Amino acid sequence: MEITSFTIFSSQTFSVALAFTFLSLLLAVLAVRSRSSKPRRSQSDGGSSSTENDKLCNCLCYCNGAVTGSEPVDVPHLNGETEKKTAVTEAETTGASMMEQLVPEITTHALSYLDYPSLCRLSMTNSLMRKAANDDNAWKALYHKDFTSEQDSVTPVNGWKAYYAATRAIVNVNVRFFNFIRDRSLPEMSHLWLNADYVKCVHPSGEFFSGYNAVVQSWQLAFNWEQGVNFQVRDVRARVLTDMAWVTMKTYVGDHLDTGPFSVTNIFEFHNGRWYMVHHHSSVLDEVEHQNA
């Protein structure tokens with residue numbers, strides 16, 4: 001009895017498998033025939049029938065997302081929809097990158113994430129990227145990111161790119177000033193100051209010096225002090241005009257911000273292609289001023 005049941009069950013299983021195999025082969029044949037069938041087009045030239053060389057192929061060529069072909073065709077999308085495309089756009093034929101095809105507002109926003117060296121390097125790639133990298137709004141955004149947003153209402157005469165470069169130059173000169181103090185380098189400090197009678201210097205002690213010679217002598221005395229000159233500079237704010245600039249900041253003396261803060265103002269003038277210091281003022285900032293600053 002058990003052997004009979006097994007034989008009947010095996011026969012039924014074989015029949016079902018055979019039926020599925022036949023249906024699969026039938027569907028495969030139909031699919032191959034439907035894909036192999038190509039639409040033909042005949043052309044007449046002077047009443048003569050077209051030859052095989054005159055047949056047009058409706059195959060599609062995808063190149064960087066572009067569709068080439070002489071007739072409108074259905075381009076499938078991942079979501080199952082289709083779109084009619086007939087010609088290649090100008091950006092696709094010229095090989096323009098995706099960055100170059102963006103609208104200016106999106107390009108400016110993307111460039112705002114670059115730093116100063118990267119933006120300069122990008123401007124040297126090609127004409128389109130140079131135009132995007134020289135956009136005034138991109139440099140304004142970079143200025144606010146690297147320096148301060150206090151000057152949002154400022155309209156630079158030569159544009160934000162030139163204003164950014166001038167501000168970075170004056171900030172670098174200001175950094176050199178503090179490096180000369182750390183190194184106690186009198187020759188470098190003497191070279192930084194403009195040799196003029198109207199230069200002024202006020203040290204944290206409250207001593208006031210006027211004139212180039214007096215200012216240089218004051219720094220010679222300051223460098224002879226025995227106390228350390230380790231300090232930190234914070235809250236740097238720069239403002240640049242055509243031939244004058246000033247920088248405000250706070251300084252803290254000591255490795256652990258033991259003394260301070262001191263309120264510091266440095267004023268520079270532009271002469272013969274470089275910036276010179278013409279005024280330095282450093283004074284202790286009391287608690288009330290420090291809280292309101």
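**Surface, helix packing and salt bridges in the predicted chain**

The chain exposes about 19,900 Å², of which carbon and sulfur atoms supply 56%, with accessible areas taken from the Shrake-Rupley method with a 1.4 Å probe and, for residues, only the protein chains shown counted as cover. The model is predicted, so that local features need pLDDT of at least 70 and side-chain atom pairs count only at pLDDT 80 or more, whereas totals for chains, interfaces and linings use all residues. Residues are numbered from 1 along each chain as its sequence is written, and side-chain values use heavy atoms, with hydrogens and water left out.

The chain has 10 helices and 10 strands, defined as DSSP runs numbered from the N terminus (H or I with at least four residues for helices, E with at least two for strands). Buried residues make up 27% of the 293 residues in the chain, where buried means under 20% relative accessible area, exposed over 50%, and partly exposed in between (1.4 Å probe, protein chains only).

Helix 9 (residues 212–223) comprises 12 residues and reaches 17 Å from its first C-alpha to its last, close to the 16 Å expected at 1.5 Å a residue, the expected span being 1.5 Å times one less than the number of residues. Its buried residues are Y212, V215, V216, S218, W219, A222 and F223. Seen down the axis of helix 9, these buried residues fall within an arc of 155 degrees, so they line one face of the helix; the arc is that of the directions from the helix axis to the C-beta atoms. On the other side of helix 9, N213 and L221 are exposed. The buried residues of helix 9 pack against helix 7 (159–183), helix 8 (186–192), strand 5 (200–202), strand 6 (208–210) and strand 10 (274–284), contact meaning heavy atoms within 4.5 Å.

Salt bridges, in which a side-chain nitrogen of Lys or Arg lies within 4 Å of a carboxyl oxygen of Asp or Glu, come to a count of four. One of them joins K140 to D152, with the closest N and O atoms 3.7 Å apart; K140 lies in helix 6 (residues 136–146) and D152 in the loop between helix 6 and helix 7, 12 residues apart. Another pairs K250 with D235 (3.6 Å, N to O). K250 lies in strand 8 and D235 in strand 7, so the pair ties together parts that are 15 residues apart in sequence. K250 is buried, with a relative accessible area of 14%, whereas D235 is partly exposed at 44%.
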